[in-house]
Amino acid sequence: MKFSIFVCVYNEWYSMDIRQLNSLFDLKSLPVSLSAACVGAMLAVADYHVGWKVVLFLLLTAVFMHMLSALKESQAELSSAQGKNIRRGVSVLAALSAVTAIYFTYGTVFLLDSFVLMIAFWLVMNFTSNHAGSAAGSAVWRQCLRDVFLYGLVGVCGSFYLCSHTFSSWFLLLPALSVGMLCAAARLHDHIGSDSTKYVQTALVSSAWILMILYSTLRVRDPWHFLFVLTLPAFIVYLVSIWRAETDNRNHNGIIMAVLVFAFSLLSGFGFLVFLL
């Protein structure tokens with residue numbers, strides 16, 4: 001049964017060109033989905049011993065979860081049967097990748113902690129595949145809250161726990177909320193069309209920076225912890241550009257925002273890993 005699902009998915013993907021795949025899976029925003037997993041894993045590596053296989057399958061899981069979310073939001077482009085086959089195949093791949101990551105982090109899946117993580121992943125996967133984001137009208141705040149929850153609290157804190165088997169302290173909420181807000185701002189970009197959404201995006205970016213600076217200040221003081229500040233000029237230029245823009249230029253700037261969030265996340269995590277090199 002599962003093999004037949006993968007055959008159907010392969011046939012569907014093989015018949016698509018790169019533009020169709022990009023439209024279907026929103027590949028340009030993939031760095032946004034990887035940002036949370038990268039920060040969570042890098043902060044865990046900074047304080048605990050983490051196997052590379054755990055990190056590898058964690059990132060693969062993040063990729064498949066991104067694909068599931070994008071499929072839900074682009075389902076109108078697919079026929080009912082086509083969308084069902086692809087969604088099943090990606091769901092199975094995401095589940096296998098997550099279970100493999102759990103196996104490598106604990107050495108077995110027959111532990112209470114392993115079962116709890118698998119149940120938590122199943123709940124998150126169902127939420128991701130059944131609830132598409134929307135930024136129309138009053139739904140702006142709902143999408144932002146959804147994205148902060150998925151990319152921040154679940155993405156960063158979940159990745160950190162998978163790698164370290166602990167939540168460390170409440171300080172972890174600061175980088176989690178920071179990355180979650182930046183991811184929400186990046187995903188909101190495609191829906192910017194009024195001053196209200198620009199205010200929301202500016203508030204998200206500003207709050208994210210305040211939280212990350214606060215977290216870096218509360219940790220053991222080291223200039224490397226503020227490495228992410230290198231991206232500040234680019235964020236300022238981006239915010240100025242969206243306020244000055246009179247025409248819809250979201251596709252070009254949307255990619256820039258996704259890359260900025262990914263760079264911010266990598267530099268934030270790397271700043272805490274420098275002492276290990």
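## A tour by salt bridge, helix and core

Three salt bridges are counted in this chain. The model is a predicted one.

**Stop 1: D47 and R219.** Select both side chains. They form a salt bridge, with 3.5 Å from N to O. D47 belongs to helix α3, while R219 sits in the loop between α9 and α10 (232-244), so the pair ties together parts 172 residues apart in sequence. D47 is partly exposed, at 39% relative accessible area. R219 is partly exposed too, at 22%.

**Stop 2: R146, D147 and R187.** Move to D147. Its side chain meets that of R146 in a salt bridge of 3.1 Å, N to O. The side chain of R187 also meets D147, at 3.0 Å, N to O. R187 is in helix α8 (residues 173-188) and D147 in helix α7, so this pair links parts 40 residues apart in sequence. Shared partners join R146, D147 and R187 into one network. Are these three buried or exposed? D147 is buried, with a relative accessible area of 0%. R146 is buried at 8%, and R187 counts as buried at 15%.

**Stop 3: helix α3.** Select residues 30-47. At 1.5 Å a residue, these 18 residues should span 26 Å; the end C-alpha atoms are 27 Å apart, which agrees. Now show the surroundings. Of the 18 residues, 14 are buried, so α3 is largely enclosed by the rest of the structure.

**Stop 4: the nonpolar core.** The largest nonpolar core has 75 residues. Which members touch the most others? Pick L204, V205, F235 and M257. Then centre on M257. Beyond its neighbours within four places in sequence, M257 contacts L182, A185, A186, Q201, V205, F235 and Y238.

**Stop 5: the surface patch.** Switch to a surface view. Select F149, L153, W170, L173, L214 and L218. They form a nonpolar patch with about 560 Å² of accessible area together. Helices α7 (139-164) and α9 (195-218) each supply at least two of the patch residues. L153 is in helix α7. At 34% relative accessibility, L153 counts as partly exposed.

**Last stop: the whole chain.** Zoom out and colour by secondary structure. There are 11 helices and zero strands. Of the 277 residues, 48% count as buried. The chain exposes about 13900 Å², and carbon and sulfur atoms supply 69% of that area.

Conventions:
Residues are numbered from 1 along each chain as its sequence is written. This is a predicted model: local features need pLDDT of at least 70, side-chain atom pairs count only at pLDDT 80 or more; totals for chains, interfaces and linings use all residues. Side-chain values use heavy atoms; hydrogens and water are left out. A nonpolar core is a set of buried Ala, Val, Leu, Ile, Met, Phe, Trp, Tyr and Cys residues joined through side-chain atoms within 4.5 Å. Buried means under 20% relative accessible area, exposed over 50%, partly exposed in between (1.4 Å probe, protein chains only). Contact means heavy atoms within 4.5 Å. Helices (H or I, at least four residues) and strands (E, at least two) are DSSP runs, numbered from the N terminus. The expected span of a helix is 1.5 Å times one less than its number of residues. Patches are made of residues with over 30% relative accessible area and no salt bridge: like charges are joined within 9 Å, nonpolar side chains (Val, Leu, Ile, Met, Phe, Trp, Tyr) within 5 Å. Accessible areas come from the Shrake-Rupley method with a 1.4 Å probe; for residues, only the protein chains shown count as cover. A salt bridge is a side-chain nitrogen of Lys or Arg within 4 Å of a carboxyl oxygen of Asp or Glu.
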